Number of protein chains: 2
Amino acid sequence: MTGEKSEFVSLYERERKKIEKKLHSALADRKPFSLYKPAAYILQSGGKRLRPLLVLFSAKAAGGKFSAVYNAAAAVELLHNFTLVHDDIMDNAGKRRGRDTLHKKYDLSTAILAGDSLLSVAYEYLLKDCNGNAKQVLSSFTKGLVEVCEGQSLDKEFETRKNVSIDEYLLMINKKTAAMAEMCCTIGAILGGGGKSEIKALAEYGKNIGMAFQIQDDLLDISANEKKFGKVVGGDLVEGKKTFLFLKAMKIARGNDKKMLQKLIVQKGISKSEVPQYKTLYEKLGVIEESKKEIKFYSDKALSSIKKIKKKEDRKLFSELVDSLIKRNK
Amino acid sequence: MTGEKSEFVSLYERERKKIEKKLHSALADRKPFSLYKPAAYILQSGGKRLRPLLVLFSAKAAGGKFSAVYNAAAAVELLHNFTLVHDDIMDNAGKRRGRDTLHKKYDLSTAILAGDSLLSVAYEYLLKDCNGNAKQVLSSFTKGLVEVCEGQSLDKEFETRKNVSIDEYLLMINKKTAAMAEMCCTIGAILGGGGKSEIKALAEYGKNIGMAFQIQDDLLDISANEKKFGKVVGGDLVEGKKTFLFLKAMKIARGNDKKMLQKLIVQKGISKSEVPQYKTLYEKLGVIEESKKEIKFYSDKALSSIKKIKKKEDRKLFSELVDSLIKRNK
């Protein structure tokens, strides 16, 4: 088991390095530097590079090769970073992965434009790997972009709304996170030469792993080990975010418990010192368990959809990817 | 002559109405409203819809039909409006065509996201009119997007630089304005089924008309009739913009004239009451005449490139379009 794990990890690490190289070369030496240097700054923050990996794995599972889709893999990461830069402005965030956000490091105009240009280069790179399938690939990529904008808009809308239902929350993360993972798998599958049913199965995998990933993110905010997490535990509560756990708690709670939760909405967040009380409440209401169940629901759906993938070794990659995401601590 | 004019004008008006309708339907009924209502707001500001017209005319000149490229025509206008929304934020502009800019009417986050979503819908609409030619069309569109970001970055960079050469200025407007017009003609020509030489000729037309258009814009700022212009005459001087006329003046001026121009750079603009003095200086230095010559240079290049277009009626459309832009007063 340990041997198998390390095979997956070493493959991940090897491919991640190739993706880093491709991302670096996508912006290096481009002019004007006043545009591309800031754009390159956000790419240097690292990250899991999960989305490019979904493109690679899907292309291989559909019968293609990693080597034919590195530009497309870079494209989805460029698109992802475009969303990070603009989201950080909208969230007024000062730090990302321990570094200043782009608009803090430079200024607002530079950040808006660097974001736009990351998106433009994303399309440029995606097109490099397209041939007769360009319309299909670009349509899927564009659908992902449309949805991520809609998801972000819903997310911002929820910030000021008093009532948000679990269904609305699920629609929001579907658009903001899952649609993007679905798109990564879809374009990988198309570029890899997959048939209709393979493309559909991989798209399903992507969508469900995206849902699981986002709810896991909400769960980690309250249950993670602060040192390994690298962020303040309970940050979502402090910011007054309506996470899966919070909305589930709101649905279950009654009396004083409900009042305590409503306080977070009215005051648009709580103080850091109050986090342990809320964690205790979450535990009492069982929403930590509820969210674990929900993560398992989507992970299982993802795993079920890859049964249709031909090769055992590919199914194993996808299954290990689910494992690594569920067991992650940041 | 008057009869001919009105034929062109009525064609323009007729097609503009169809484009308006297409643009309206591109965003109507889309959800979430919190995203698409602000996005629709900027489209309602009107405008010349010149870029869609270039797509239509080019498609027809290349052997295609207007009816096959209305989605692509809408796409270039959506892309243009994406740039307007983000540029207005960067320029801290409060008004556009007499109405509040998007970030003033709503807020910063809404404007950034509405801009992003205009771009996403632009790609969606462009893809509707693509078939086997998707890679070529999308590559050209994306090249236009890459360049408009680069052009805007140069424009912002020039604001804080003391020295900008005429060549640098020409590169900037090439990227910020001309590349977009070139792209409109290119995708129209490809979608219309044009051959290599037709695509090239139409692309040249677009690029040169774009250059002429931008220098004309700079000229109108100082020479327009304020009532017809609809903007404050000399606004570029007040804002301290390094226009074609200003940079040409800087190159020619000596002694006190030069000092007066340098004052604009150091103080980042002049007061409205000083505009007449600067206009007199421009006249004395001959830069009004110089810019007219430059506009003629690019207009002539545009007209020369359309000689290769087969049908006389199409050549006439393009030639009348040049006329209408050169003789415009706003």
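**Chain contact, helix packing and selected residues**

Student: How many residues does each chain give to the contact?
Tutor: In this predicted model, the contact takes 32 residues from chain A and 32 residues from chain B.

Student: Which elements of chain A supply that side?
Tutor: On the side of chain A that touches chain B, the elements giving two or more residues are α2 (33-43), α4 (70-90), α6 (108-128) and α7 (134-160) of chain A.

Student: Which of them gives the most?
Tutor: The most comes from α7(A), with 14 residues.

Student: And how do the residues on that side divide by class?
Tutor: The side of chain A that touches chain B has 16 nonpolar, 10 polar and 6 charged residues.

Student: Now the core. Which residues touch the most other members of the largest nonpolar core?
Tutor: They are Ala122(A), Leu126(A), Ala122(B) and Leu126(B), in a core of 207 residues.

Student: What does Leu126(B) touch?
Tutor: Not counting residues up to four places away in sequence, Leu126(B) touches Asn71(B), Ala72(B), Ala75(B), Val137(B), Leu138(B) and Phe141(B).

Student: Changing topic: at what angle do α15 and α16 of chain B cross?
Tutor: The axes of α15 (residues 287-305) and α16 (residues 312-326) of chain B cross at roughly 165 degrees and come within 10 Å. An angle over 145 degrees counts as roughly antiparallel, and α15(B) and α16(B) are therefore roughly antiparallel to each other.

Student: Is that crossing left-handed or right-handed?
Tutor: The crossing of α15(B) and α16(B) is right-handed.

Student: Which residues meet there?
Tutor: From α15(B), Ile295(B), Ser299(B), Ala302(B) and Leu303(B) meet Ser319(B), Val322(B) and Ile326(B) of α16(B). By class, this contact of α15(B) with α16(B) has 5 nonpolar, 2 polar and no charged residues.

Student: Take Ile326(B), then. Is it buried, exposed or partly exposed?
Tutor: Ile326(B), which lies in helix α16 of chain B, is partly exposed, because 15 other C-beta atoms lie within 10 Å.

Student: What is Ile326(B) in contact with, beyond its sequence neighbours?
Tutor: Leaving aside neighbours within four places in sequence, Ile326(B) is in contact with Gln216(B), Ile295(B) and Ser299(B).

Student: How are Ile326(B) and Lys296(B) separated?
Tutor: Ile326(B) and Lys296(B) are 30 residues apart along the chain, and their C-alpha atoms are separated by 8.7 Å.

Student: On to the backbone. Where are the cis peptide bonds that you can describe?
Tutor: In chain A, the peptide bond from Lys31(A) to Pro32(A) is cis, with omega near 0 degrees. Pro32(A) is placed in the loop between α1 (2-27) and α2 of chain A. In chain B, the bond from Lys31(B) to Pro32(B) is cis, with omega near 0 degrees, and Pro32(B) is in the loop between α1 (2-27) and α2 (33-43) of chain B.

Student: Which residues in chain B have a positive phi without being glycine?
Tutor: Among them is Arg49(B), with a positive phi of about 55 degrees. Another is Asn92(B), with phi near 55 degrees.

Student: What about Asp100(B), in strand β2?
Tutor: Asp100(B) belongs to strand β2 (residues 99-100) of chain B and is partly exposed, with 14 other C-beta atoms within 10 Å. Not counting residues up to four places away in sequence, Asp100(B) touches Gly94(B), Lys95(B) and Lys105(B). The C-alpha atoms of Asp100(B) and Arg14(B), 86 residues apart along the chain, are separated by 28 Å.

Student: Last one: is Glu198(A) buried or exposed?
Tutor: Glu198(A), in helix α9 (residues 196-223) of chain A, is buried, with 20 other C-beta atoms within 10 Å. A residue is buried at 20 or more such atoms. Glu198(A) touches Ala62(A), Ala189(A) and Lys308(A), not counting residues up to four places away in sequence.

How values were computed
Residues numbered from 1 in each chain as written. Chains lettered and ligands numbered in written order. Predicted model: local features only at pLDDT ≥ 70, side-chain atom pairs only at ≥ 80, totals over all residues. Contact = placed C-beta atoms within 7 Å. Helix = DSSP H or I, 4+ residues; strand = E, 2+ residues; numbered from the N terminus. Nonpolar A, V, L, I, M, F, W, Y, C, P; charged D, E, K, R; others polar. Axes fitted to C-alpha atoms, helices over the stretch in contact; angles between N-to-C directions. Parallel < 35°, antiparallel > 145°, perpendicular 65-115°, else oblique. Left-handed = near helix turned anticlockwise from the far one by under 90°. Core = buried A, V, L, I, M, F, W, Y, C linked by C-beta atoms within 7 Å. Buried ≥ 20, exposed ≤ 12 C-beta atoms within 10 Å, placed from the backbone.
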